[in-house]
Every structure is written in structure tokens, then in C-alpha cells.
Amino acid sequence: MGKQARLPSLRRRLIWQLLALSAVLALSLYFAVRVGAERASEATLDAVLGAAAQAMAEELRSAEGGLVIAIAPGTFSMLAAMGEERIFYRVDVAGQTVTGYEDLPPPEMPPSALAPIFYTVPFRESDVRIAAVARSVRVDGRAAPALILLGQTREGQGAIAANLGNRAAALGLLVFFVAIPLSLFVARSLFSPIDRLAEAVGRRGPRDLRPVLHAAPAEFAPFVTALNSFIGRLRGTLSQTETFIAEAAHHIRTPLAVMRNDAELALRQSGEEGTRARLRALIRSADDAARSAGQLLDHATVLYRADQADWAAVDLADLTRALVARLAPAAEMKDIGLQLRIDGPLPAVGDVVLIEAALRNILDNAIKYSADETVIDVRAAACGTMARITVSDRGRGLDGVPHDRLKRRFRRGTNVADVAGSGLGLTIVAEAAGAMGGSFSLTPRDGGGTCAALSLPLALS
Ligand SMILES: Nc1ncnc2c1ncn2[C@@H]1O[C@H](COP(=O)(O)OP(=O)(O)OP(=O)(O)O)[C@@H](O)[C@H]1O
Ligand SMILES: [Mg+2]
């Protein structure tokens, strides 16, 4: 089988992408707030500065012997309201500075009419925002161009903008930190149906071939459909194989029985010792083959029913009692006593055929591998959430072979060559127990013999 390549976790990718997106959003928010605030405050301040410059320009009047600029007190009070800013002005008439700061830089392009133009220049160790307004005045009866510059430092505005920027940064960080738990939550809620589906599929036993009916997100529907069709095909193939085994076993058993009868008849009629020995060997082989065919049939049935997983309520006490009664004649033939003790009612959930097959094989082994005139103890009792049936014999024991090995198919012990068997009994027991969520163990018994223990889940009342 090729190694399955693993892609990075979708959940982790989603979380990282959501976080990256939130970081981008937070940064954009920061810049948008900062730039927007700066622009808005600049536009407001410019409007006030432009209005003051226009007011100044309107105060400029020609008078006798020159010009008069009477700056109304209200003009600058507007600007003073902006905070601790310094104000500079310059008034040029016909290219000559008539009042104010001569070195206050003029605009690169002279303003055309009364509409002010704005520009920022470094002046006296700070940046000054200047509004320039042009008009014409009458000097000595002639029109002369006048240029009015009104400048204002913007230190207060810078401080306000920096403050706003800090707030915007804090807001961005807040957005980002809120996005972290939010992305975790989104990733979790998005993946929870997928997690539940994976868990439902993962929880299944290796023999569970029922279709996956768990609700799946639409994107997973093709995957689940493919899985179900695969399970369906596997189920079909398995049941075909099992049917084949069952039919083959059945077809072998009938001629074997005929052959055995003939051999027995011949044995009765034959007087020659060599032929009789060969006929006895033939009968034994036919018995072995018939037994193997029977066990194969049982095994196929167990596999099939385990796949069906068609569980129902089963009374283990009754079932154990009935099976012990059914095997009592076989025990009697060896003068073996079967002692049965059942504690309380034992309602379990499972398949009667599977439980019967398991118990029959356990009891069969105990009788088969016990010496004549011994006693086999059969106990059934509740043990926590499980019903536990133990079959303890005083037989030949396991000869130190671990039970894991004996449970394998066609595997027999090292001390049983004289007893007929196919090595499938314990495989059947273990498969049946496993299919129903139970367990089976075979351990040496104190004082000699073997103890087989079968545990099956009790029905929850
Ligand atoms: N009660 C027991 N006492 C001693 N040995 C046992 C007992 N039960 C099982 N074993 C050992 O475990 C082996 C496997 O048992 P299993 O029932 O699978 O096969 P089997 O009895 O040999 O054949 P069959 O398929 O006909 O039952 C046996 O061959 C035997 O060696
Ligand atoms: Mg057996």
C-alpha cells in the first residue's frame, strides 16, 4: 500500500487566512482613518484661513495719499480660535510689499481672482500653510494689482492628527484582536460537521460495512457517495465469498457422509486386518473433513452475520442454559459433569446465531480436551456493563501456547494431535465476540485445565 500523502490541515489554513485578512483590514482601517482625518481637518482649517484672507483683501482700500488696510479684530479671532498657532501676513501692491513679512514666500502661480489658493512652505523653523488672494486696488487713480498672503502654522493640527492616528492604530489592533477568537470560532463551526463525519466513520469497527448515513456538508456528498458505493461493492464481494464457502462446505459434507457410511459397511464386512486398519483411517479422515466443512460453514455464517450487525435483545441466561443442555449428551459419553451456575438475568444485545456459535465452540473444546470423568464449570454472571460466561475445565491445558496464537485460523495446539479438529473453533468465537463489542480469552486454570471467558455487552436498561 502506498503511503498516504498528507496536506496541511484545512482548519489551520483557514485560521491563518482569516487572520491575514483581518490584519489587512485593520491596517486599511488605520490608514483610512488617519488620511481621512488629516484631509478633513486640513479642509476645515483651509476654509477658515481662506475666509480670513478674503476678509483681509476686502479691508484693503485706497485712501488719500495711499492705501489703508484696516484689519477688523474679528478677522484674526477666527484663526486664534484654532489654537496656539502663529500667524503671518504680507500685503503686496504693484509688486511692493506694503505691510507684513517681506520674506513670506509668495505662491508659484499668482492667484487669478478673489478665490484663494493654498500652499505649504517652510518659514521661520516651521511649516506654514498660506492662503493667497489677489485683487486690484486703485492707487493714484490707477488700478494696481494687490496680493494678500495670510499664513498660519499648523502645529496644533499636526498634534491632533497624530492623536487621531494613535486612536486609529488602537482601533486597528482592537479589530485584529477581536478577529482572533472570531476566526477560531468560524473555523470550529465550519469544520464541526466534517469532524462529526470523520468521527462517525472512525468509530466504526473494522467489520462494520453499513453505509455511512451521517449528515455531510454538500461539498462532501461526492466523497460520502463514493465511500458508500465502495462499501456496497465490498459487502457484495464478501457476501459472495461467504455464500460460496457455505455452498462448497455443504456440497462436500453430503458425499463425505455417503463415503463414511460405505467405509463403515465395508469395515463391518471385512475380516482382513490390513484392510480394516485402512478403512478405520478412511473413516477418521472423513470425520475430520466433515468436521472441517462444518466449521468452515459456521465460520462463513459468523462472518456474514457479523457484517450484517443486525443486533437484537438476547437473554444470555436462557441461551447458556439451552446450549449446556444440548451438549450434555456429548459430555455424558465421556462421563463428564457439566456444572451450570447462572447469576441473575443477563439481557444482552447481539445476534443469537453468533452467540450460539461462540458458546458451542467453547463448550465443545472443553468437552473434547477434558479427560473422562471430570467436571466442567459453566458460570454466567454480570460483570459491570458486561455479561461474562466462563467455561472452566480440568483438561489437558494449553501447553504454554498463548491464546492469541490459538485464535488464528486453522491453528491448533501442540498437545492435541490425538483429537480431531480443524483449528477454526476459537477463530469463530473471537470473531463473534469482537463483532458484538465483546471479548474472548483463553487462560490456563489454577490447578490444571483451561478457563475460557466470553464477555458480551449487557443491554442498557
Ligand atoms: N478447553 C481447551 N483445553 C485445551 N486446549 C484447548 C481448549 N480450547 C482450545 N484449546 C486449544 O486451542 C486450539 C484451537 O482451538 P479451536 O477450537 O480453534 O480448534 P480445534 O478445537 O482444534 O478445532 P475445531 O475447529 O474443530 O474446533 C485447540 O487445537 C487446542 O489446542
Ligand atoms: Mg474447537
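**Contacts, strands and surface**

Author: The side chain of Arg90 places a polar atom 2.5 Å from the backbone oxygen of Leu104, a polar contact being a pair of N or O atoms within 3.5 Å, where within protein one must be able to donate a hydrogen and the other to accept it, and residues adjacent in sequence count only if both atoms are side-chain atoms. This is a predicted model, in which local features need pLDDT of at least 70 and side-chain atom pairs count only at pLDDT 80 or more, while totals for chains, interfaces and linings use all residues. Residues are numbered from 1 along each chain as its sequence is written, chains are lettered from A and ligands numbered from 1 in the order in which they are written, and side-chain values use heavy atoms, with hydrogens and water left out.

Reader: With which side chain does the side chain of Arg90 make a polar contact?

Author: Arg90 belongs to strand β3, strands being DSSP runs (E, at least two residues; helices are H or I, at least four) numbered from the N terminus. Arg90 has a relative accessible area of 11% and is therefore buried, the classes being buried under 20%, exposed over 50% and partly exposed in between, with a 1.4 Å probe and protein chains only. At 3.0 Å, the side chain that Arg90 contacts is that of Asp92.

Reader: Which strands stand at the edges of the sheet?

Author: The open sheet has five strands in the order β4-β3-β7-β6-β5, with antiparallel pairing, and two strands pair if DSSP finds at least two bridges between them. Each edge strand has a single partner, so one side of each is left without a neighbour in the sheet; these strands are β4 (96-100) and β5 (117-123).

Reader: How many bridges join strand β6 to β7?

Author: The two strands form a hairpin with two residues between them, and Asp140 in the turn has a positive phi of about 50 degrees. Val137 has Ala144 in β7 as its bridge partner. Strand β6 (residues 126-139) runs antiparallel to β7, and the number of bridges joining them is 12.

Reader: How many residues of strand β7 are buried?

Author: Strand β7 covers residues 142-153 and is also joined to β3, by seven bridges, with Leu150 as the bridge partner of Tyr89. Strand β7 is mostly covered, and of its 12 residues the number buried is nine.

Reader: Is Leu174 buried or exposed?

Author: Leu174 lies in helix α3 (residues 155-202). Its relative accessibility is 53%, so Leu174 counts as exposed.
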